[in-house]
Amino acid sequence: MNNMPHQKLLIIDFGSQVTQLIARRLRELNVFCEIHPYQVITAQFITELKPLAIILSGGPASVLNNDAPRPPEIIFELNIPILGICYGQQVMMKMLGGEVEQGQGTAEFGKALLTQKNGYLNLLDGWFESEHEQVWMSHGDHVSKIPSSFEAFGSSPNAPFAIIADRSRNFFAVQFHPEVHHTPNGIRLYENFVKLAGFTGDWTMSSYQENTIQKLRNEIGDNKVICGLSGGVDSSVTALLLHKAIGDQLTCVFVDQGLLRKHEADDVIKMFRQHYNMQLVHAKEDELFLNALKGQSDPEKKRKIIGKLFIDVFQKYANKIDGVKFLAQGTLYPDVIESVSFSGGPSVTIKSHHNVGGLPEKMGLKLVEPLRELFKDEVRSLGHELGLPDVFIGRHPFPGPGLAIRCPGEITRPKLNILRNADAIYIDQIRKHGLYDEIWQAFVVILPVRTVGVMGDNRTYDYACTLRAVTSVDGMTADYYPFSHNFLSETATRIINEVEGINRVTYDITSKPPGTIEWE
C-alpha cells in the first residue's frame with residue numbers, strides 16, 4: 001500500500017477487463033489511485049489508506065447471485081464521494097435499497113445514446129451539450145428501482161437509470177463505462193468527480209521522484225543494491241532513480257548474452273558508465289548462451305534456457321560484490337495488479353516471460369521496486385524528469401530473450417549477424433521517414449528457410465526475412481502499421497543490397513490477436 005503523502009483514491013475491483021483504464025484516466029488527471037480487489041477491503045484497510053473518494057469497478061458477476069462480490073458496508077459511512085460503474089452501480093443499488101433485475105431483453109453491449117433527465121448534476125458538467133451523449137455499455141442485468149434518496153439524471157432505451165445520484169451524500173452511479181475510448185466524454189466525468197471530491201492534482205512525476213528518492217534512502221540505508229540493467233526504459237529509469245538516491249551503493253549488471261541488436265551493448269555501457277558515471281558490470285557471456293542454444297529450435301525451450309542462464313549469470317556477478325542486501329527490479333503497476341488479481345485464477349500460458357523473478361529467494365536478497373506504482377507512460381515521464389535521453393525513453397519494447405525469438409529455428413552466429421544488420425537498416429529507414437514514434441514496436445525476423453534469387457547474372461540461395469511493425473496502446477492488442485508501398489520497396493531494396501545473406505523481404509500484416517507481436 002502506498003504510504004506517500006498524496007491525496008488518494010481507492011478503486012475497488014470486481015474483475016472488470018477495463019479496471020486498469022480507470023486508473024490510467026485518473027493518473028492523467030494527476031490523481032493518485034490504487035486498485036485493490038474487493039476481497040482485501042476491510043475497515044482497517046480503508047482507515048490506513050485514507051482515500052478521499054472511492055470508485056467501484058465493473059465486473060462479470062451478477063449481483064443477483066447468492067455469492068455476488070460486495071464491498072464492505074463501511075464505505076457508505078465514510079462521508080466521502082463514491083462512484084459506481086456498471087456492476088459497481090448495481091451492487092450499490094443492491095446494498096442501499098434499490099433493485100436489480102436480470103436482462104430479459106434489456107441487455108446492452110456497445111455504443112448507446114443517453115438522454116438527460118432531471119436537470120443539472122455537477123458530475124455531468126460539460127455533458128449533454130447536444131441532445132444525446134454517446135457512451136459504451138456492457139451489461140446484462142439492469143437497475144429497475146433506485147432508493148428514494150437517489151434521482152435519475154440520464155437514461156438509454158434499455159437503461160432507465162443509466163446515470164443516478166444521491167446528491168446529499170455525493171454518491172453517483174452509472175451503468176456505462178466512462179473509462180473506455182468509446183465514451184468520448186468519459187474523461188470529463190472523471191474530472192468532475194475528482195474535483196467535487198476535493199482532489200488538487202498533487203500526483204506529479206516531480207513529486208513522485210522526490211518522495212521516492214527519500215523513501216529509497218530510508219529503506220536501503222547504508223546497504224548495497226544490485227540492479228539488472230537491460231537498456232530498456234524500465235530498467236534504465238530504475239537504475240537512474242536508485243543512482244540518484246544512493247549513488248555508489250548501486251551496482252548495475254548488464255548481461256550481454258550475444259542476442260542484442262547492433263551496437264546495443266556499446267550504447268548502454270557508454271551512457272551509464274561515461275554519461276552517468278555509474279558502477280556497471282558488463283557481463284559478456286555470449287559464448288555461454290549461444291553454446292547452450294545450439295541445436296534448439298523449440299521456442300519455449302529457447303526462452304527457458306535463456307531465463308535460467310540469465311539467473312545463473314546474474315548471480316555469478318552479484319556474488320563478486322560484497323555487502324549486497326537488495327535486488328532492484330523494474331516492476332510496474334500493471335504487473336502488481338495482475339499478481340493480486342480479482343479472481344486469483346490461473347490463465348493460459350501463451351509464452352513464458354523472461355524475468356528475474358526467481359532471484360530474490362535464490363540469492364537471499366530483499367527486493368526493491370521503485371516503479372511498482374507507475375504505468376508505462378508514467379515511467380517515461382519520470383525518465384524525462386531524471387534526464388534520460390529521449391532516444392532511450394522512447395525506445396520500442398525489446399524482449400528479454402532478445403534476438404533469439406526473432407530467429408525461428410536453430411540460432412547460429414551467422415544468422416544473428418544477418419538479422420542484426422537487416423534490423424539496423426529497417427529501424428534506420430523508419431527513423432529517416434519520421435515514423436518511429438508512431439509505431440509501438442518494429443523489428444526484423446529471419447526465417448528458417450532459404451529461397452532462390454538472382455543478383456546480377458548470378459543465382460543466389462539465401463535467407464528470407466520478414467519485417468514486423470505494429471501500433472498498440474499497451475501491447476495487449478495490436479494492429480500492423482500501414483506502411484506505404486514506396487517505403488516497403490525502398491526498405492526491401494536496401495536490405496537486399498546491403499545485407500549479405502538475404503535475398504527476399506516480406507511484410508507481416510497479422511494483428512494481435514490472432515497473432516502475437518513477437519514471432520516466438
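Student: Which helix gives the largest share of the lining of the second largest pocket?
Tutor: This is a predicted model, in which local features need pLDDT of at least 70 and side-chain atom pairs pLDDT 80 or more, while totals for chains, interfaces and linings use all residues. Residues are numbered from 1 along each chain, and side-chain values use heavy atoms, without hydrogens and water. Lining residues have an atom within 4 Å of a pocket point. With six residues, the largest share comes from α14.

Student: Which residues lie nearest the centre of that second largest pocket?
Tutor: The second largest pocket holds about 510 Å³ of space. Its lining has 18 residues, and those nearest the centre are K262, D267, R395, I427 and R431.

Student: How many residues of the lining of the second largest pocket are charged?
Tutor: Asp, Glu, Lys and Arg count as charged; Ala, Val, Leu, Ile, Met, Phe, Trp, Tyr, Cys and Pro as nonpolar; the others, Gly among them, as polar. The lining has seven nonpolar and two polar residues, and the charged ones number nine.

Student: How are α1 and α4 oriented to each other?
Tutor: Helix α1 (residues 19–28) packs on helix α4 (residues 186–196) at about 65°, with axes 10 Å apart. Angles of 65 to 115 degrees count as roughly perpendicular. The two helices, α1 and α4, are therefore roughly perpendicular.

Student: Which residues of α4 make the contact with α1?
Tutor: Contact means heavy atoms within 4.5 Å. From α1 come I22, R25, L26 and E28, and from α4 come I187, Y190 and V194.

Key:
Axes fitted to C-alpha atoms, helices over the stretch in contact; angles between N-to-C directions. Helix = DSSP H or I, 4+ residues; strand = E, 2+ residues; numbered from the N terminus. Parallel < 35°, antiparallel > 145°, perpendicular 65-115°, else oblique. 1 Å grid on protein atoms, 1.4 Å probe; cavity = no way out; pocket = protein on both sides within 12 Å on 5 of 7 lines; lining within 4 Å. Points joined across faces, edges and corners; volume = space filled by probe spheres on them.
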